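Me: I would like to go through the aromatic residues of this protein. Please bring up the sequence and the model.

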Amino acid sequence: MAGLESDREIPAALTEVERHEKLTYDCSLRKDGTVSDETADKVDSTHEGLEFPTAEELITLRRVSDAIPWTAYMIAVVELAERFSYYGTFLSFSISAPQRHFPEIGASAVFVNYIQQPLPPNSTTGAGGLNGQSGALGKGQQMSTGLTTFYQFWSYVMPIAGAYIADSYWGRYKTVCVSVAIAMLGHVIMIISSIPGIIGSNASVGIFILSLVVTGAGAGGFKSNISPLVAEQYRQTKMFISTTKSGERVIVDPSLTTSRIYMYFYLFINIGALVGQIGMVYAEKFVGFWLAYTLPTIVFLLSPLVLWYGHGKYRTSPPTGSVLATAIRVWRYAMRGRWSWNPIKTIQNLTADDFWESAKPSKVIGEKPAWMRFDDNWVEEVRRGFKACSVFLWFPIYWLSYNQLNNNLTSQAATMSTHGLPNDVLSNLDPLALIIFIPLCDLFYPALARWRINFKPLQKIAWGFYTGSAAMVWATVVQYYTYKTNPCGYHAATCVDSDGNPLVSPLNVWIQSGSYVLIAFSEIFASITGLEYAFTKAPKNMRSLVMSIFLFTSALAAAIGEAFVSLSTDPLLIWNYGSVSVLCGISGIVFWILVRKLNLEEDKLNNMAEGRFD
């Protein structure tokens, strides 16, 4: 795989000159307030023997990423198996449906065949065959939508609980292992609901709903902890000097390494998603739901095996007790005396640069509260974590454009000439594009660094909004010409001839490709960087919790998306795509205006001294 090794050699020891340079660097960090005197004088075993950059070198030398630890790839394999099982089990049932001529609402297409469609005549497995319609429960669209909405909400609320358990009691590794076991149980229950003799009965309905509850609980504990765990495999936290084979002195930047880890982590996610989505379609269509559930479960068995093999090899962080309550207390303590009857004055006080200063133990006059068992650096970490969460508040708008991928764009394809291609399959261009472009970005980002262009995380996120908006502009133009060339004009979704056969636009469905490719680029810029930002900006003992807040923005996006349901039908689809495009584009501009100052603090935030929490 591209980029497994870097072109550098780490110095074995520091010379006297190098020691002097390290002291110069430490002194500069002291002046900037990045590290305390005590921390600057201490070099842990991970960084012992490394040369640290001086203040001048921080400006002049090119920055590169380090090699990715092999344990990080092992955890990525665990995620690949989990994503294969998720997409193979849950999303395949929308792909094999016949072409739909009505736009789907939200993620209601996920379980549409299994829940909505009845068991085919003379079938004991739910398979519809080449020309038939696969189905099982026959409970209709209302129940399908209700269960889908519940599962989506449940799956993105449970990560908060899983994060709290990991940070406070079990640690990430144990929480992931237990969550995998719970999810595996859910998969087994789902298989039971689909075996011949049970499928289609009232018992099948109850067993299937139980499987959703159990699987969602397991997914919750898994989602919020697997992402921090993969990045924790890289041990360096401080920038250091290295020399390339060509003799160039460069700065090895841990933040760039973390970014690279998450790019390949996302690559593994989409390999699992692509194979899972396509591969299980034919199992459901020609064999039955029991096989479509069983095969992903077998692949999911890779997860506990890889986790077991890596036991004792993974780098893990121990739990530190209930940190969330203390963080909220710090926030409340910092707000004291900053309220005013004038709302503008209140906003200014709450967003002032010195907001967190009064909550630092060294600034407390008199006796400290009993709960204040931390140092000033930990307060700075909490400040950094809150800043990250303020960035995440913008993500529901971004997800709004991304969510068009799995519903309205699929329905748009059904109104175009597919030339025998199932309209649902085209959405696989997104994971395919990601598999192609992520390794290319691993070459593109270092090229920018050689040109002395520092493409920082907040800049990437802003570009994620812009490319997401561009994808919706493409979809708007395609929809306009689809209406213009369809025999029924602005009622393309319900256009049929006298015999009830669908009449579609002569436009080739492949012109949709631009939207999917642009969405893929937006994921590279925004989604992957969001994972990176959640990890690097959270306090070490709150990484799972901050990651869960980032994931929860997807649930908020689904709720916002309900406001656009009325636009997701003919003849208003141009307004649907256009309004999402404008909203995403304007949000990206406003977002960048508001975070420009925070963007300048990137190095300081990444090189902050680790706080002490007793």
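Me: Is F289 buried or exposed?
Reply: F289 is buried, because its relative accessibility is 0%; buried means under 20% relative accessible area, with a 1.4 Å probe and protein chains only. This is a predicted model, in which local features need pLDDT of at least 70, side-chain atom pairs count only at pLDDT 80 or more, and totals for chains, interfaces and linings use all residues. Residues are numbered from 1 along each chain as its sequence is written, and side-chain values use heavy atoms, leaving out hydrogens and water.

Me: Which helix holds F289 and Y293?
Reply: Both lie in helix 11 (residues 289-300), four residues apart, about one turn of the helix. Helices are DSSP runs of H or I with at least four residues, numbered from the N terminus. Y293 also counts as buried, because its relative accessibility is 1%.

Me: What about W399 and Y402, how are their rings arranged?
Reply: W399 and Y402 form an edge-to-face aromatic pair, 5.6 Å centre to centre with 75° between the planes. Rings of Phe, Tyr and Trp (its six-membered ring) pair if their centres lie within 6.5 Å; planes under 30 degrees apart count as stacked, over 60 as edge-to-face and the rest as tilted. Both residues lie in helix 16 (residues 395-402), and both are buried.

Me: New topic: what sits over the ring of Y309?
Reply: The charged end of K313 does, 4.7 Å from the ring centre. The criterion is NZ of Lys or CZ of Arg within 6 Å of the ring centre and within 35 degrees of the ring normal. R543 likewise lies over the face of F535, at 4.2 Å.

Technical notes
Helices (H or I, at least four residues) and strands (E, at least two) are DSSP runs, numbered from the N terminus. Buried means under 20% relative accessible area, exposed over 50%, partly exposed in between (1.4 Å probe, protein chains only).
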